Amino acid sequence: MTAILDRFLQDIRQAAFHIHSVRVWRQGEQSASWDQTADVRRPQHSISKSFTCMAVGLAIANYKLSLDTTLGEVFPAYAELVKAAAPSHQPSRITVKHLLTMSSGHDSPPLWAEERAALTEKDWVKYYMSLPLDRSPGSRFTYSSGDSFMLSAIVQACVGCSVQEYLRPRLFEPLGMKDVDWESSPLGVTLGCAGLSISNEELSRFGQMLLQRGSWQGKQLVPEEWIVLATSRHIANAGSLDWSMGYGYQFWMCSHNAYRADGAHGQFCIIIPEKEAVIAINSEEDRMQDILHCVWQGILPLL
């Protein structure tokens, strides 16, 4: 099952890319697979954000929160930590939609990996809400792992369990992902922005579920309208090539009318609706745009 990958594999070998695993689904069936080594569970880094988005959508569908829910409503004890010069710069006014679109208003987004590792404050929600904003929420995209963590914290506060626990019966187990490991904060909030470990095979099933607009094996796991909304362009972003096509709700828009979840060091879950195709890649490679070029040149023409 590698014929469709011949050109892609030739290109990545020539470029000396360190790619672990590739899966290609077409028209509901897995049509190609390749593994450099065993397809074990690996950290998916920021692909975790797209899973957190699924938890948000499920919580909204169950009337636990809405796109307009604010941090101040969910965490009133921290609503006045910042004495903002303008009311619009108050962190408590950040909404779920602002967090989903990474437009919370920070020039230097909080809770990056290095900061999380060094942070002495164990309550990361309190820390996030103690930071003044640089602009009004909703005005500009700035990639922020802190925003994704706050989505996880909101879901946990509103549904009464962590995102990891919330998704277990609703998404993970129906997709055949048992005993999924996902890192959490010192106070037990699922990291949300990173820390999820699954195999590429499992990632490809997640992608196929997205392509099928939330349906898997005849069951609607996530509302169709949420998948459509989350994977549509909501905000412009400054970048180059496949990082300049706009951003949805924890998903990137990309070339060829596709969208993707992606993570550091070359983790990709690419959905191409016009081709009814999903491409999942696990890597240990920082030349991420170059990997995408190989996908567009080597795999896309054969779909």
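This report describes the nonpolar cores and the salt bridges of a predicted model.

## The nonpolar cores

The largest nonpolar core of the model holds 65 residues, and those with the most contacts inside it are Phe 51, Met 54, Leu 167, Leu 171, Phe 206 and Met 209. Helix H2, which covers residues 47–61, supplies the largest share of this core, namely eight residues. Apart from this core lies another one, made of 28 residues, among them Phe 17, Ala 32, Ile 270 and Ile 299.

When residues up to four places away in sequence are not counted, Phe 51 touches Leu 167, Leu 171, Phe 172, Met 177, Trp 182, Leu 196, Ile 198, Leu 203 and Phe 206. Among these partners, Leu 167, Leu 171 and Phe 206 also belong to the residues with the most contacts inside the largest core.

## Salt bridges around Arg 23

The structure holds ten salt bridges. In one of them Arg 23 pairs with Asp 35, with the closest N and O atoms 3.0 Å apart. This pair links distant parts of the chain, since Arg 23 belongs to strand E1 (residues 19–26) and Asp 35 to strand E2 (residues 29–35), and the two residues are twelve residues apart. The two partners can also be described by their accessibility: Arg 23 counts as buried because its relative accessibility is 5%, under the 20% limit for that class, whereas Asp 35, at 32%, counts as partly exposed.

Arg 23 forms a salt bridge with Asp 39 as well, and here the closest N and O atoms are 3.4 Å apart. Asp 39 lies in the loop between E2 and strand E3 (42–43) while Arg 23 lies in strand E1, so this pair ties together parts that are 16 residues apart in sequence. Taken as a group, Arg 23, Asp 35, Asp 39 and Glu 201 are linked in a network of salt bridges.

## The pair Arg 213 and Glu 224

A salt bridge also joins the side chains of Arg 213 and Glu 224, with an N to O distance of 3.4 Å. Arg 213 is found in the loop between helix H9 (200–211) and strand E6 (215–216), and Glu 224 in helix H10 (residues 224–230), so the pair ties together parts that are eleven residues apart in sequence.

Technical notes:
Residues are numbered from 1 along each chain as its sequence is written. This is a predicted model: local features need pLDDT of at least 70, side-chain atom pairs count only at pLDDT 80 or more; totals for chains, interfaces and linings use all residues. Side-chain values use heavy atoms; hydrogens and water are left out. A nonpolar core is a set of buried Ala, Val, Leu, Ile, Met, Phe, Trp, Tyr and Cys residues joined through side-chain atoms within 4.5 Å. Buried means under 20% relative accessible area, exposed over 50%, partly exposed in between (1.4 Å probe, protein chains only). Helices (H or I, at least four residues) and strands (E, at least two) are DSSP runs, numbered from the N terminus. Contact means heavy atoms within 4.5 Å. A salt bridge is a side-chain nitrogen of Lys or Arg within 4 Å of a carboxyl oxygen of Asp or Glu.
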